Amino acid sequence: MNTTIVALSTARGRSAIAVVRMSGDESINIAKKFFKPFPTQPNMLKVGTLKTSVFDEHAMCVYFNAPHSYTGENTVEFHCHGGTAVCQAVIEQCIKYGAVPAQNGEFSKRAFINGKQNLTNAEGIIEMIDAETASAAKAGANLLENKLGKKVAELQDVLLDLSSSCEAALDYPEEELELPTVATVKTKLENVRAELKSILSTATLGKVAKYGIDVAIVGSPNVGKSSLLNALLGSDRAIVSDIQGTTRDTLRESVNYKDIKFNFVDTAGIRDTNDIVEKEGVKRAQKAADNADVVLHVTDDPQDRSVYPTIRPQIRIYNKSDLFKNKPCCVDSLAVSAKSGNVEIIKETLYEMFSAGEIENSDLLITNERHLSCLQSALNQTEAAINDCHNSTLDVVTSALKLVWETLGQITGSTAQEEIIDRIYSKFCLGK
């Protein structure tokens with residue numbers, strides 16, 4: 001018999017409804033001791049009275065029989081009034097009759113142990129909870145729906161069939177089994193390599209979906225960088241002044257556009273200065289530009305054709321265009337006016353520049369650093385196995401096949417070490 005755990009599954013604080021979840025062999029028996037009338041059938045909410053040591057709560061209860069529950073165990077949920085005191089009283093009542101407080105992510109970890117989810121499903125839940133934009137939520141939903149897990153399983157099946165046929169032929173030569181040729185193994189490994197490269201190619205778009213686009217706003221003093229930031233945000237976030245050197249530090253603010261997030265960084269004006277503080281601001285501005293995904297190089301001179309010294313892609317922004325007699329026209333440049341507010345063209349240009357519109361039509365995006373690392377390792381190992389086909393015997397190649405299979409299994413958890421599993425589930429909130 002496993003331990004029965006209990007925790008609040010909704011956010012703490014004042015709310016209309018809160019959910020207290022209990023999971024384990026004894027969860028149903030425990031709930032029957034203080035909730036009356038207890039539901040007569042699973043999966044259906046029942047209104048009743050929940051008796052605590054302090055007060056009686058008018059609540060609802062639902063139970064799920066194992067294995068037909070989120071955790072794969074007998075599970076009970078109490079839907080009660082929100083608020084710290086009410087929820088705590090319900091939890092204490094569960095503990096009084098034998099339950100123990102759950103650890104972070106313990107419900108989901110039990111779901112993994114009981115075969116109700118794999119690690120990619122679990123990480124999809126985390127990403128959906130943490131999502132700040134529709135694109136990030138969609139990427140998390142794809143993980144939750146096991147789209148990456150299915151791809152990984154398909155590749156593992158190919159590798160397993162290949163290695164098992166090689167081993168059988170090598171271990172039982174007397175059976176005269178057909179021995180796969182090195183050429184056959186190489187062809188199938190090349191197909192695996194192509195699939196891995198295709199999956200890895202989604203990582204750039206996945207980063208945009210999950211984290212957004214980091215945009216550094218740079219330029220000389222008083223060209224309107226802070227005004228531009230305010231216009232892009234739609235609020236007066238940055239201090240605007242005619243005095244040079246007003247901005248001394250970087251200022252980072254985010255705004256959602258369509259289904260992604262732009263992370264704008266306003267910076268100090270770039271100029272030679274003897275002011276120690278301003279000099280540090282210039283240094284930080286240069287660092288922000290080097291770390292950004294793209295740089296907006298702002299100028300208010302329509303004749304300016306200078307290029308900001310950075311390895312990052314950049315767009316020249318001609319600000320104060322409402323004052324220009326002749327609007328500038330050159331490649332990779334936009335003419336705008338922070339004062340009049342026609343800055344949406346900047347957001348749209350950035351959106352198209354990073355192909356953000358493709359996120360909506362993408363079934364699979366790599367947004368997780370762990371997945372990216374495992375896939376890259378599997379690709380490197382596949383490359384090594386293909387090279388072995390040229391220089392080694394079939395038994396050596398078979399060992400290489402197993403290594404790729406094991407590395408891919410770390411993504412879904414089929415071959416993951418316990419420390420990795422524990423680390424992933426510890427990231428969950430309490431009650432999930």
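Four helices, α4 (119-130), α8, α12 (369-391) and α14 (418-425), each supply at least two residues of the lining of the second largest pocket, and about 190 Å³ of space lies within that pocket. The model described here is a predicted one, and every value below is computed from its atoms.

- The residues that line the second largest pocket include Glu123, Ile126 and Glu127, together with Lys210 and Tyr211.

**The cavity**
- A search of the whole structure turns up 1 cavity of 30 Å³ or more, and the volume of the largest cavity is about 50 Å³.
- Leu8, Ala11, Arg12, Gly13, Ser15 and Ala18 are among the residues lining the largest cavity, and Gly82, Gly83, Thr84 and Cys87 also belong to that lining.

**Cysteines**
- The structure contains 0 disulfides when a pair of cysteine sulfur atoms has to lie within 2.5 Å to be counted.
- Cys80 is in no disulfide, and the nearest cysteine sulfur to its own, which belongs to Cys87, is 4.5 Å away; because its relative accessibility is 3%, Cys80 counts as buried.
- Cys87, one of the residues lining the largest cavity, is likewise in no disulfide, with the sulfur of Cys80 as its nearest cysteine sulfur at 4.5 Å; Cys87 has a relative accessibility of 4% and therefore counts as buried.

**Strand β1 and its partners**
- In strand β1 (residues 5-8), Ile5 and Ala7 point one way while Val6 and Leu8 point the other way, and all of these residues are buried.
- Strand β7 (residues 100-101) runs parallel to β1 and is joined to it by 2 bridges, with Ile5 standing opposite Val100 of β7.

**Nonpolar cores**
- The largest nonpolar core has 33 residues, and those with the most contacts inside it are Leu228, Phe262, Phe264, Leu296, Ile317, Ile346 and Leu350.
- When neighbours within four places in sequence are left aside, Ile346 is in contact with Leu228, Leu232, Leu296, Ile317, Leu334 and Val336.
- Another core lies apart from the largest one and has 30 residues, among them Leu200, Ile366, Cys374 and Ala400.

**Thr412 and its surroundings**
- Thr412 lies in helix α13 (residues 394-412), and this residue counts as buried because its relative accessible area is 11%, which falls under the 20% cut-off.
- Leaving aside neighbours within four places in sequence, the contacts of Thr412 are with Phe112, Asn118, Leu119, Thr120, Gly149, Val152 and Gln156.

Notes:
Residues are numbered from 1 along each chain as its sequence is written. This is a predicted model: local features need pLDDT of at least 70, side-chain atom pairs count only at pLDDT 80 or more; totals for chains, interfaces and linings use all residues. Side-chain values use heavy atoms; hydrogens and water are left out. Buried means under 20% relative accessible area, exposed over 50%, partly exposed in between (1.4 Å probe, protein chains only). Two strands pair if DSSP finds at least two bridges between them. A nonpolar core is a set of buried Ala, Val, Leu, Ile, Met, Phe, Trp, Tyr and Cys residues joined through side-chain atoms within 4.5 Å. Contact means heavy atoms within 4.5 Å. On a 1 Å grid over the protein atoms alone, a cavity is a set of points where a 1.4 Å probe fits but cannot get out, and a pocket is an open set with protein on both sides within 12 Å along at least five of seven lines; lining residues have an atom within 4 Å of a point. Grid points are joined across faces, edges and corners, and a volume is the space filled by probe spheres set on the points.
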